[in-house]
Amino acid sequence: MADFSWTTQSPLKKALVPGRHGAAGATAGVTLTEMRDIVLMQVMARRGKAAETAKAAKKLFGVEPPVSPKAVSGKGATLVWSGPDQFTVFAPRSDEAAQLEAMTKAFAGSASLSDQCDGRCLIRVSGPRARDAIAKFSSLDLHDSVFPVGSSANTSVDHTAVNFWRDANGADGTPVYSMLVFTSFADSLWHVILDSSLEYGVEASSARAA
């Protein structure tokens with residue numbers, strides 16, 4: 001009898017070619033990074049249990065989940081609004097089993113959980129021309145006055161559903177945007193972003209979430 005084993009691999013295994021692409025220059029205008037080794041959990045409060053779910057989240061992460069399109073950072077995780085009375089937990093993977101168990105215990109009786117660890121891909125777009133590149137394929141208004149750090153949106157890019165949020169600015173002060181997509185569409189979306197960024201120069205890579 002054959003002995004099967006599963007090996008996790010990136011949905012961008014073929015699409016992501018590390019290095020510089022597009023226009024040459026001293027500094028790439030866009031940095032495109034696949035964030036790997038992540039834990040993702042969709043948390044949906046049960047009927048009448050929103051307050052109890054928020055209390056459990058604060059106890060576990062030190063912050064309450066956002067009740068509007070926002071992303072908030074807590075102890076070891078970022079909580080991203082994904083709809084009324086629901087949010088996504090994003091965390092760097094350390095001990096996945098332990099992390100999932102902690103959430104299962106914390107939200108027992110108050111919320112339903114859906115493990116998204118292997119179902120989604122996180123792409124981070126940053127750099128001085130990131131906003132210009134994103135403007136080519138997204139209708140979101142990303143001006144600082146409209147979409148400041150901590151903002152989030154559920155949107156569609158190239159007919160693909162995307163959870164989109166703005167992280168803290170990079171060390172150079174330029175904006176950083178995170179795009180969470182279904183793994184089956186990640187390859188296509190990666191090419192959309194890359195093609196939109198080529199005129200600014202792109203630095204592509206993968207990195208372990210931290």
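Residues are numbered from 1 along each chain as its sequence is written, and side-chain values use heavy atoms, with hydrogens and water left out. Because the model is predicted, local features need pLDDT of at least 70 and side-chain atom pairs count only at pLDDT 80 or more, while totals for chains, interfaces and linings use all residues.

Five strands make up an open sheet. Their order is β4-β5-β6-β3-β7, with antiparallel pairing. Strands are DSSP runs of E with at least two residues, helices are runs of H or I with at least four, and both are numbered from the N terminus. Two strands pair if DSSP finds at least two bridges between them. From one strand to the next, the twist averages 25°. Angles run from 0 to 180 degrees between N-to-C directions, and axes are lines fitted to C-alpha atoms, for helices over the stretch in contact.

Strands β5 (residues 77-83) and β6 (residues 86-92) pair in the antiparallel sense over five bridges. Val-80 stands opposite Thr-88 in β6. Helix α2 (residues 96-106) packs on the sheet and touches β3 (38-45), β6 and β7. Contact means heavy atoms within 4.5 Å. The direction of α2 makes about 10° with that of β3.

The structure holds zero disulfides, a disulfide being a pair of cysteine sulfur atoms within 2.5 Å. The sulfur of Cys-117 has its closest cysteine sulfur in Cys-121, 13 Å away and too far for a bond. Cys-117 is buried at 6% relative accessibility, and Cys-121 is buried at 3%. Buried means under 20% relative accessible area, exposed over 50%, and partly exposed in between (1.4 Å probe, protein chains only).
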